[in-house]
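Subject: A structure for you to explore

Hello,

Here is the structure I promised to pass on to you. Please open it and keep it in view while you read my notes below.

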Amino acid sequence: SHQVLGVGNPTSNSSAADHAFLLSSGTWTDIGAIFQNSGDDMALNNLGQAATVGPNGHVYLYANGVNRDVGLLSGSSNAETWGINDSGTIIGNLDPSSVGFIYANGTMTALSSLVALGMNNSGQIVGAEQITASSSNPQGIVACLYSNGTLTNLASQVGGNGSYARA
């Protein structure tokens, strides 16, 4: 699809908010201001839809020329977006709790103890599950897969304690 999602300052004012830009078919489109220092918190799918974090800390979905605020879950102050698949499903994490979320079909849902780091077009989500730290796992995380509502610990397949998975 030859598209690029990037960050830049559309003015010569260095204190102005950065904006996300989409390059598609040789044309740059400003899709809106982003949250402070959130240039890494963006994702682009094969259809030119983008997930970003707006200046208010909320998750935004850019699709068909419209950048729409899809919000946050109650108790969250801001978000990180880590993926968007070709169905327009967005995954990421919410602060201050670092709990993962999935936004699909107009609804945002918390992903329990999962820190979401990647997703495929089938909607399977990978990342790390937050567990109680111990002497054998001082980081308190293990790689996991969330698929069809089930969270599966992948630690034994990917290197054990202190592991995580990305897609």
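Is Asn85 buried or exposed? Its relative accessibility is 3%, and buried means under 20%, so Asn85 counts as buried. Please keep in mind that this is a predicted model, so the values here are computed from predicted coordinates.

Where does Asn85 sit? You will find Asn85 in the loop between E8 and E9. A polar atom of the Asn85 side chain lies 3.0 Å from the backbone nitrogen of Ser87. Setting aside neighbours within four places in sequence, Asn85 is in contact with Asn45, Gln49, Met119, Asn120, Asn121 and Gly123.

Now follow the chain out of that loop and into the strands. Strands E8 and E9 (residues 90–95) run antiparallel and are joined by six bridges. One example to look for is Thr81, whose bridge partner in E9 is Gly92. In general, strands of a sheet pair through backbone hydrogen bonds, in either a parallel or an antiparallel way.

Both strands belong to an open sheet of four strands, with the order E8-E9-E10-E11 and antiparallel pairing. At the edges are E8 (78–84) and E11 (107–110), each of which pairs on one side only. From one strand to the next, the twist averages 30 degrees.

Next, the nonpolar part. Which residues have the most contacts inside the largest nonpolar core? That core has 14 residues, and the answer is Val59, Leu61, Ile90, Phe101, Tyr103 and Met108. At least two residues of this core come from each of E6 (59–63), E8, E9 and E10 (99–104). As a general point, nonpolar side chains in soluble globular proteins tend to be buried together.

Beyond its neighbours within four places in sequence, the contacts of Ile90 include Val59, Leu61, Phe101 and Tyr103. Thr81 and Met119 are also among the contacts of Ile90, and Met119 is in contact with Asn85 too.

Finally, zoom out to the whole protein chain. Its secondary structure comes to one helix and 15 strands. Of its 167 residues, 46% count as buried. The chain exposes about 8,400 Å², with carbon and sulfur atoms supplying 46% of that area. Among contacts with a separation of 6 or more, 30% are between residues 24 or more positions apart.

Enjoy looking around!

Best wishes

Key
Residues numbered from 1 in each chain as written. Predicted model: local features only at pLDDT ≥ 70, side-chain atom pairs only at ≥ 80, totals over all residues. Heavy atoms only, no water. Pairing = 2+ DSSP bridges. Axes fitted to C-alpha atoms, helices over the stretch in contact; angles between N-to-C directions. Buried < 20%, exposed > 50% of the residue type's maximum accessible area, 1.4 Å probe, protein only. Contact = heavy atoms within 4.5 Å. Areas by Shrake-Rupley, 256 points an atom, 1.4 Å probe, with all protein chains shown as cover. Polar contact = N/O pair within 3.5 Å; in protein donor to acceptor, adjacent residues only side chain to side chain. Core = buried A, V, L, I, M, F, W, Y, C linked by side-chain atoms within 4.5 Å.
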